Amino acid sequence: MKVKAAIATGQLQPLVIDEVDLDGPREGEVLIEIKSAGLCHTDQMLIDGSRDWPDYPVILGHEGAGIVREVGPGVDRLKPGDAVIPLAMPECGECPPCRSDKSNLCDHYFKPNPRKPFSWKGRPVASFISLGTFAQFVTVRAFQVARIRDDAPLDQVCCMGCAGITGIGAALNTAKVAPGSSVAVFGLGGIGLNVIDGARLAGARTIIGIDTNPDKQGPARKAGMTHFLDARDYRGDSVVEAIHKITGGGADYAFECVGHPVLAQQAVDSTRMGWGMAVMLGIMPGAVTDTIPIRPRSVQAGRWVTGSYLGNVKSLSQFPQLVDWYVDGKLTQDNLISHRIGLEQINEGFDLLKSGQARRVVIDF
């Protein structure tokens, strides 16, 4: 079938909107009509020169929500008409991480999928993380597709497959934020706002947001932020000192949601000596080869530093509960989306995201 998609042809090139050919589902696959898709900084890094990608052209997009239209042989968990969210992280249910309650990092995530359902101008086209949600339809492996409740508004929950699962999961699953605790969130974009949502759900008493854009203060307060620090008002580590002053010695938990080495160090130092935990969420340029300079004394003082990938949430068995929470009024996803565009405006949407003006930009098909 022919579908319209946004195609990345290389770094520092605008995305091309064009028709592509899409194969139907084979064994273990499903065809999904994408209703809405979110723009993420991780996609942006593959077009702004900050992250290498070996396989152009590629259809980007890993946040989205839609309806199953067709299922391939061997798929009995999903059926046509199901409301679903495709996810970057599979859950095969068979590998050691899937059988464990310690991790969501399914082994299949690290095994390249040779299948390329998309083709453009007669040649196969890659789909980012085997998804490619910047297209009207996608063909995806069933173990990357979470079925959600039918009454969930797809145009609102479409960002939960990355920003939502990462931020909320990092607070609840990775850090296990304790009731009455203090939290510092560096960066109030899509992930940061969801961290705040998760910290509020966990019962944190003090939630400090740090950002260079004061316009993000309002949405962050709606999500549960109690204090805002405009990073432009602080020099060097003075923002760390401000967090220590507010919390009386350092935050119990800090989350780096931007992807910047300086903020990583500040996040560590902003936590309390003895038990503070800093969680690294932002994807940094050169994440595969570069290093983060963290002062040994910061860790030797009893702090914990950890990462979190998609919030340590299992994609199929645990993720649908987040959608339930949203529909039941426990989450503020309505507050997350700041701009809505059509597919033809996707380049302008990425400009908004890069400028810092947008919290989350959503394509409505």
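Predicted model: local features only at pLDDT ≥ 70, side-chain atom pairs only at ≥ 80, totals over all residues.
Q: What is the volume of the largest cavity?
A: The structure holds two cavities of 30 Å³ or more. The second largest cavity has about 30 Å³ of space. For the largest cavity, the volume is about 50 Å³.

Q: Which strand gives the largest share of the lining of the largest cavity?
A: The lining is made up of Glu29, Asn113, Arg115, Pro117, Ser127, Ser130, Thr139, Val140 and Arg141. By class, two of these are nonpolar, four polar and three charged. The largest share, three residues, comes from residues 137-141, which form strand S9.

Q: How many charged residues line the second largest cavity?
A: Its lining consists of Leu193, Asn194, Asp197, Thr332, Gln333, Asn335 and Leu336. Asp, Glu, Lys and Arg count as charged. Two lining residues are nonpolar and four are polar, and the number of charged residues is one.

Q: Are helix H4 and helix H10 roughly parallel or roughly perpendicular?
A: Helix H4 covers residues 160-174 and helix H10 covers residues 320-327; their axes come within 10 Å and cross at roughly 95°. Angles of 65 to 115 degrees count as roughly perpendicular. Therefore H4 is, relative to H10, roughly perpendicular.

Q: How many nonpolar residues are in the contact of H4 with H10?
A: On the H4 side the contact is made by Met160, Gly164, Ile165, Ile168 and Leu172, and on the H10 side by Leu322, Val323, Trp325 and Tyr326. Gly counts as polar. The contact has no charged residues and one polar residue, and the number of nonpolar residues is eight.

Q: Why does Pro285 count as partly exposed?
A: Pro285 sits in the loop between strand S15 (277-280) and helix H9 (296-300). Buried means under 20% relative accessible area and exposed means over 50%, with partly exposed in between. Pro285 counts as partly exposed because its relative accessibility is 42%.

Q: Is Leu343 buried or exposed?
A: Leu343 lies in the loop between strand S17 (339-341) and helix H11 (346-355). Leaving aside neighbours within four places in sequence, Leu343 is in contact with Lys4, Ala5, Ala6, Ile17, Phe134, Ile363 and Phe365. The cut-off for buried is under 20% relative accessible area. Leu343 has 5% relative accessibility, so this residue counts as buried.

Q: How many Å apart are Leu343 and Asp364 in space?
A: Along the sequence, Leu343 and Asp364 are 21 residues apart. In space, taken from C-alpha to C-alpha, the two residues are apart by 7.3 Å.

Technical notes: Residues numbered from 1 in each chain as written. Heavy atoms only, no water. 1 Å grid on protein atoms, 1.4 Å probe; cavity = no way out; pocket = protein on both sides within 12 Å on 5 of 7 lines; lining within 4 Å. Points joined across faces, edges and corners; volume = space filled by probe spheres on them. Helix = DSSP H or I, 4+ residues; strand = E, 2+ residues; numbered from the N terminus. Buried < 20%, exposed > 50% of the residue type's maximum accessible area, 1.4 Å probe, protein only. Axes fitted to C-alpha atoms, helices over the stretch in contact; angles between N-to-C directions. Parallel < 35°, antiparallel > 145°, perpendicular 65-115°, else oblique. Contact = heavy atoms within 4.5 Å.
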